[in-house]
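Reader: I would like to learn how to read the place where two chains meet. Please show me the structure and take me through it.

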Amino acid sequence: MKISVHIERTNTTQKIDFSGITVRQLLCQLDLNLETVLVARNNEVLTEEETLQENDLLEILSVISGG
Amino acid sequence: MNCHKCDAKAVISLQHGSLCKSHFLSYFEEKVFRTINKFQLIERKDKLCIATSGGKDSLTVLYLTKKYLEKYNCNNELFALAVDEGIAKYREKTLRDLHHFCREQNIRLETVSFNEELGKNLDVAYPFINKGTKKKPCHICGVWRRYLLNKQARDLGATKVVTGHNLDDEAQAIVMNLFKANTKIAGRLGPISGIEEQELFVQRVKPLYFCLEKEVRLYTILKGWQVQFAECPYSHTGYRHDIQEMLNEFEQKYKGTKQGIINSFLAMLPLLREEERKQPEEIKPCQECGEAANQEVCNACKMKAIIQSC
């Protein structure tokens, strides 16, 4: 399926081909550590087990900030 | 996935189950209040200085300390103190958020800067100090920040400095000290910093001690606070950054690793402090500035002298 991902840390948006089902699998595909990000869809934070849908627009928020 | 306490949609999976927005907010706030009560971080007589930067941790600790005082009908005086290190394209963003937040919450905000107090911004001072000492920016910043926070807090009459250190920060500090065999410094960690009360030191307390960094960020999102993502440009240069990455790798693979480090450390802390009390470090006023030092001249003044000689 195709989904759009906006990454807060780099302030970039990319459309990706995602072959999995859950948020956890998406983060694995993007090589992002589960402990360092939160994922939101329509301003709602999702758990790692949430199922993703075709054409989802996701926001990947960085947990780590500061120095 | 649904909340294990109700049927609402979960926003986070924790070790003990998943929580929805409402139950997570209660869980988080209760955890912070329980930490304050259990370790007696705040006493009725205390005047509180909240060390703030405008980032997620300091806004959270500022808001929840105020909420704690209201909940328990405490009349403690409270103010926020921000240190402007002078890091371009970073600190100005978080300070803007902080000013806005303090206005909204009706909290008095005091600011102090490296430039005004020490003569140079970190961006300018770092290359000069590094050239002669090889000290990294995080080390220089840490020394000067702690120096100014303590000095300003004491000058403004505070009896406690409340910081936004979270569980991740503390776990990193414990492992860093363990790897470098700094048992003396490790003994000063914990929810209340320091081993003995010292006249020149204002005690530092950490209400977010048991809150994961991920939980703190989630809390700010669910509260709807406009906290911009801001990462210090120097953060990747420090030893702490490598430890942080290592612990996050472990946490992802073995959930509960960071909490395990904290629990083990708290079990050992009385022994570390007992050992330190047998051979206490002599603290005396710095010959240059009169602030607390364990040598003739404090580290902040030594760095200041390097800049002045350039």
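**The interface and the cavity**

Author: Contact means heavy atoms within 4.5 Å; here 24 residues of chain A and 27 residues of chain B take part. This is a predicted model, in which local features need pLDDT of at least 70 and side-chain atom pairs count only at pLDDT 80 or more, while totals for chains, interfaces and linings use all residues. Residues are numbered from 1 along each chain as its sequence is written, chains are lettered from A in the order in which they are written, and side-chain values use heavy atoms, with hydrogens and water left out.

Reader: How many salt bridges does the rule find across the interface of chain A and chain B?

Author: A salt bridge is a side-chain nitrogen of Lys or Arg within 4 Å of a carboxyl oxygen of Asp or Glu. The rule finds five across the interface of chain A and chain B. One salt bridge joins Lys9(B) to Glu50(A), with 3.6 Å between the closest N and O atoms.

Reader: Which strands of chain A each supply at least two residues of the side that touches chain B?

Author: Strands are DSSP runs of E, at least two residues long, numbered from the N terminus. In chain A, strands E3 (37-41), E4 (44-46) and E5 (57-62) each supply at least two residues of that side.

Reader: Which residues line the largest cavity?

Author: On a 1 Å grid over the protein atoms alone, a cavity is a set of points where a 1.4 Å probe fits but cannot get out, and lining residues have an atom within 4 Å of a point. Ser65(A) lines the largest cavity, along with Lys56(B), Arg217(B), Val227(B), Gln228(B) and Phe229(B).

How values were computed:
Helices (H or I, at least four residues) and strands (E, at least two) are DSSP runs, numbered from the N terminus. On a 1 Å grid over the protein atoms alone, a cavity is a set of points where a 1.4 Å probe fits but cannot get out, and a pocket is an open set with protein on both sides within 12 Å along at least five of seven lines; lining residues have an atom within 4 Å of a point.
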